[in-house]
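Please open the model in your viewer and keep the selection panel at hand.

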Amino acid sequence: MKYFRSHVLFCVDPECLKHGAHEVMDAFQDELVAQGLIDEVQVLETSRIGACSQGPEFMVYPEGVHYIGMTTDDVPFIVEEHFLKGRIAKKFVLEPVTVVDEELSAPTPKEMRIVLRNCGKIDPENIEDYIAEDGYQAVAKVLSTMTPDQVIDELLKSGLRGRGGAGFPAGKKWQFARNSVETPKYVVCNADEGDPGAFMNRRVLEGDPHAVIEGMIIAGFTTGSDQGYVYCRAEYPVAVRTLNIAIEQARSLGLLGKNILGSGYDFDLEVRMGAGAFVCGEETALMASIEGKRGEPRPRPPFPAVKGLFGKPTNINNVETYANVGQIILKGAEWYSSIGTKTSKGTKTFALAGDLKKPGLVEVPLGITLRELVYDVGGGIKDDNGFKAAQIGGPMGGCLPAKYLDLPVDYESLISAGAMMGSGGLIVLDDQTCMVDIARYFMDFTQDESCGKCTPCRVGTRRILEILERICDGKGKDGDIETLEYLCREIVADSLCGLGQGAPNPVISAMKHFRDEFEAHIYEKRCPAKVCRSLIHYSITEGVCTGCTVCARNCPVNAITGERRQLHVIDPDICISCGICAQVCNFNAVEVK
Amino acid sequence: MVLNTKQKDVSETIIAAVKAAVDAFGANRDELIPILNDINMRLGYIPHEALDQVSEMLKTPKSHLYSVASFYRMLATKPRGRHVIQFCENAPCHVVGGREVWQALQEHVQLKSGETSKDGKWTLLTTSCLGVCGVAPVMLVDEDIYGNISPSEIPSILSRYE
């Protein structure tokens with residue numbers, strides 16, 4: 001491994017590329033050569049560091065200086081100042097106060113990184129970086145000193161559960177696949193991370209792809225498979241690219257392919273891309289998609305461990321599950337099971353989104369309370385608004401109101417509260433959020449993503465959406481809540497796969513915890529959070545309005561009239577309640593009722 | 001006569017695109033999604049004539065191919081505009097002002113989701129979560145991603161496209 005004094009990480013995300021990141025990077029390389037620094041400074045590509053809008057941007061390590069907004073003309077100056085003279089070129093430094101590195105901000109004391117340990121620290125496109133962090137040691141240990149049964153035993157003892165959402169013990173799954181006699185067998189990694197707001201798998205694939213590959217090799221050896229597939233969604237082009245580079249590098253070092261590390265064990269990997277279908281995250285649909293078919297789920301049993309991909313026994317786990325395996329093998333089941341709660345061991349990554357001060361990706365030990373996750377790790381609610389609910393578990397999960405803030409976040413507690421772990425999306429909603437609108441929103445998502453194979457899901461979700469749209473539109477009627485409850489019950493009971501069975505959850509939990517809001521919409525034709533357009537009205541307050549004309553000039557439908565320096569008036573017949581006037585008013589003169 | 005020549009040109013383009021895609025991934029039924037994706041990228045969408053070709057080369061009924069092509073969101077069976085706007089209407093974007101941006105976007109291009117403008121410039125779509133929720137609300141124009149957008153920024157962003 002070659003050593004460098006400095007590492008320069010250039011962001012090559014689309015937005016930075018648009019700002020000319022590649023040109024600046026090329027100029028940077030040329031300048032390093034010109035100034036004789038090329039053997040001391042390594043230039044690498046990375047995904048976004050956090051200030052793409054002010055790009056191009058790059059980060060210099062080990063100092064951790066974040067440069068932004070330079071052109072090719074500025075490069076000689078920056079190189080000379082920083083790398084030759086050792087002075088920070090202040091003009092281009094992003095002030096530490098404004099570093100908005102939501103995804104990789106320094107961990108708070110409540111966090112603990114196992115899966116994300118290497119993300120942002122190593123160059124994902126250089127296998128040697130991973131190897132320097134004990135990478136592939138677990139594969140070596142397994143192939144040279146362990147039997148498949150010992151691996152399964154270790155996993156069972158560790159208590160690792162599937163991180164895709166359902167939380168099935170990983171060791172048991174591997175055992176089932178191992179016990180299937182038919183061959184060939186397959187190992188599949190589910191990287192079809194489709195839950196809105198969940199991007200932890202993307203981060204792992206882009207930041208530490210070898211950890212996933214390592215976990216899959218061990219799974220292959222344990223279950224008796226020699227071919228693996230990673231099914232990655234097409235919305236993640238950078239992840240697919242990084243993964244393919246990683247696979248190529250692993251092959252070149254003999255860590256994939258024939259006779260891995262001289263052990264006589266063969267295993268190879270292939271990346272398959274989706275084409276935009278949420279339901280493909282369901283394991284049977286995912287396998288149908290790999291086979292080149294419509295991504296429709298099929299009933300289980302038979303389970304994939306018996307009849308999976310191409311009709312053969314298949315072990316399928318999520319990205320995060322595989323990424324945990326190497327560390328468990330190296331550090332032992334005892335270490336892993338010491339983290340977490342009685343039934344939920346280890347850590348879990350969460351993608352914190354919504355109305356938080358510090359949204360982004362975090363990894364925390366299971367059993368942390370919701371309050372700690374929202375306030376200590378997530379920094380609390382934006383604008384210091386009140387906490388209304390946390391939507392956890394994605395579109396099949398539920399929302400938890402404030403009374404659950406002290407609920408420990410583990411598989412069982414979440415289910416008992418009417419939500420679920422899901423893949424780790426956590427959307428925090430503040431008190432300006434309308435829960436009927438949120439329920440409508442999630443139903444819009446699931447009815448759109450329903451594959452259409454089974455009737456309860458295809459038709460049922462559509463009916464629920466229609467009712468919710470009516471309620472938001474101010475046309476709710478007596479009996480709507482009861483109809484919704486009935487529909488939800490039937491869809492949960494009768495749907496074919498997890499998508500349909502979980503689809504009503506957001507509605508069920510919203511009606512359970514925020515029934516008063518549904519009633520206000522239906523009976524009083526009022527949206528308490530002032531979100532639903534048909535139920536709110538805008539007016540301009542006399543005395544506060546200065547007649548500056550900003551609102552009238554910005555109104556898209558010309559509903560506002562008034563002379564300069566005179567009170568302005570909104571014509572309710574023309575107004576479409578878009579709220580732009582309230583946004584642009586500098587004097588808070590626009591009132592919402 | 002002129003029209004016929006033109007049609008012939010089109011189908012030659014299609015034949016070439018299909019052939020290139022099938023050559024790249026192999027005439028194998030399992031490779032159908034990568035093949036269709038490739039054709040989609042080369043032609044902007046998957047015309048019926050292309051499905052005929054694929055059907056012949058893969059020895060698979062066209063109905064089968066169409067069922068796959070119409071299932072996946074990223075595969076288009078109708079022509080799209082010169083620029084495709086994909087707006088993320090997922091929860092993390094929705095709750096931080098995405099709804100207002102979406103309204104402004106629809107009004108600005110005078111299209112609803114799934115529509116293509118008459119002059120063939122824009123196609124407006126919603127997309128599944130792009131996983132960049134840290135900078136929500138987010139939209140994608142062709143392959144350029146825009147984050148932290150507000151309704152008033154829409155005209156200036158779109159004016160960058162010819």
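How far apart do the C-alpha centres of domain 1 of chain B and domain 2 of chain B lie? They lie 30 Å apart. To display them, select residues 2-69 of chain B for domain 1 and residues 83-158 for domain 2; such bounds come from an automatic or database domain assignment.

The model is predicted: local features need pLDDT of at least 70, side-chain atom pairs count only at pLDDT 80 or more, and totals for chains, interfaces and linings use all residues. Residues are numbered from 1 along each chain as its sequence is written, while chains are lettered from A and ligands numbered from 1 in the order in which they are written.

Next, select the contact between the chains, where 41 residues come from chain A and 36 residues from chain B. Two residues are in contact if their C-beta atoms, placed from the backbone, lie within 7 Å. On the side of chain A that touches chain B, α1 (14-18), β9 (347-354) and β13 (425-430) of chain A each supply at least two residues. Helices (H or I, at least four residues) and strands (E, at least two) are DSSP runs, numbered from the N terminus.

Now turn to strand β1 (residues 6-11) of chain A, which runs antiparallel to strand β3 (residues 57-61) of chain A and is joined to it by four bridges. Strands pair if DSSP finds at least two bridges between them. Select His7(A) to find its bridge partner in β3(A), Tyr61(A).

Finally, follow β3(A) to strand β4 (residues 65-68) of chain A, with which it pairs in the antiparallel sense over four bridges. Here Val60(A) has Val65(A) as its bridge partner. Three residues separate the strands of this hairpin, in which Gly64(A) takes a positive phi near 75°.
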